[in-house]
Amino acid sequence: MEIRVLKYFLMAAREENITKAATLLHLTQPTLSRQLMQLEEELGVQLFRRSKHRIILTEDGMLLRRRAEEIVALADKTKEDFLHRQDELAGIISIGSGELRSSQFLARLISGFQKENPLVQFTFYSGNSDNIKERLERGLLDVGLLQEPVDIVKYSFIRTPVREQWGAFVSVDSPLAEKETVSPADLANMPLILPGRENLQNELRNWFGSYGENLQITASGNLLYNLAMLARENGSCVLTLDMACEYPGMRFIPLSPSMDSGTVLVWKKAQAFSPAADAFLAYLRNTQNV
């Protein structure tokens, strides 16, 4: 199974049309059709359902698309890692980060590093800590900024100096909107939207104490904008971190008693990194005295 053929497959899956995909790949239609049929023979499965004008992925095809995207991304990253090894430091460093105030701390580190190494570029993946750890394990990311609680036993890490503060986003029409802080009793009978990570939900239930057994949870998720819009429409409260964001018709209110979370910058132990990533990790250790 060649990387080249996987790229052909991904193009065909995206376009859902052999002729159009072949044109974009600068191949003839028979050549592309033959390559895809050989791939199906090699794997022993049918990847597409074919009609006169369209091709649709089968369940096996959808599985291969997910795997092929990961394989191609890792191959491209590996190729990039080996470029410019003998020249001035260059390359691409892959960073994963959640929606966190600690991102400002990370941005300052990146800015300082790029002043010394202007040819180095950074690419960002946004997700929660579980998503980012998964991509670190696959080798798709070099460094991750993770929100605690999180298991980092397999990683080298730097703890950031930022504490993430929890609160509730509520509609300005909510009876809670005029409060300076909100307590477990204030929120116990309100419809709630929680973060998607199970361990964060458990942390919040602990904060609620005796009120935590019968919470009215209407939704969960990871992207604050989407959750805030839902809360504005259905009157729910979003329990989330304070990221100094403003959304029309919504107000952020801190929790009382206060609740906060730490964050850590992590990377895999004993992993071979590109020269650019190695240099960036050295910069992190030096600037943070690790």
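This is a predicted model: local features need pLDDT of at least 70, side-chain atom pairs count only at pLDDT 80 or more; totals for chains, interfaces and linings use all residues.
Which residue is the bridge partner of Ala168 in β10?

Residues are numbered from 1 along each chain as its sequence is written, and side-chain values use heavy atoms, with hydrogens and water left out.

**View 1. Strand β7 is largely enclosed by the rest of the structure.** Strands here are DSSP runs of E with at least two residues, and helices are runs of H or I with at least four, numbered from the N terminus. β7 spans residues 164-171, and seven of its eight residues are buried (under 20% relative accessible area with a 1.4 Å probe, protein chains only).

**View 2. β7 meets its partner strands.** Strands pair if DSSP finds at least two bridges between them.
- With β10 (residues 237-241), β7 pairs in the antiparallel sense over four bridges; here's the reply: Ala168 has Leu239 as its bridge partner.
- β11 (residues 250-254) runs antiparallel to β7, joined by five bridges, and Gly167 is partnered with Pro254.
- β12 (residues 260-261) is antiparallel to β7 too, over two bridges, with Asp260 opposite Gln165.

**View 3. Ser94 sits in strand β3 (residues 91-97).** Ser94 is buried, at 7% relative accessible area. Skipping neighbours within four places in sequence, Ser94 is in contact (heavy atoms within 4.5 Å) with Lys77, Thr123, Leu140, Leu141, Asp142 and Val143.

Notes: Buried means under 20% relative accessible area, exposed over 50%, partly exposed in between (1.4 Å probe, protein chains only).
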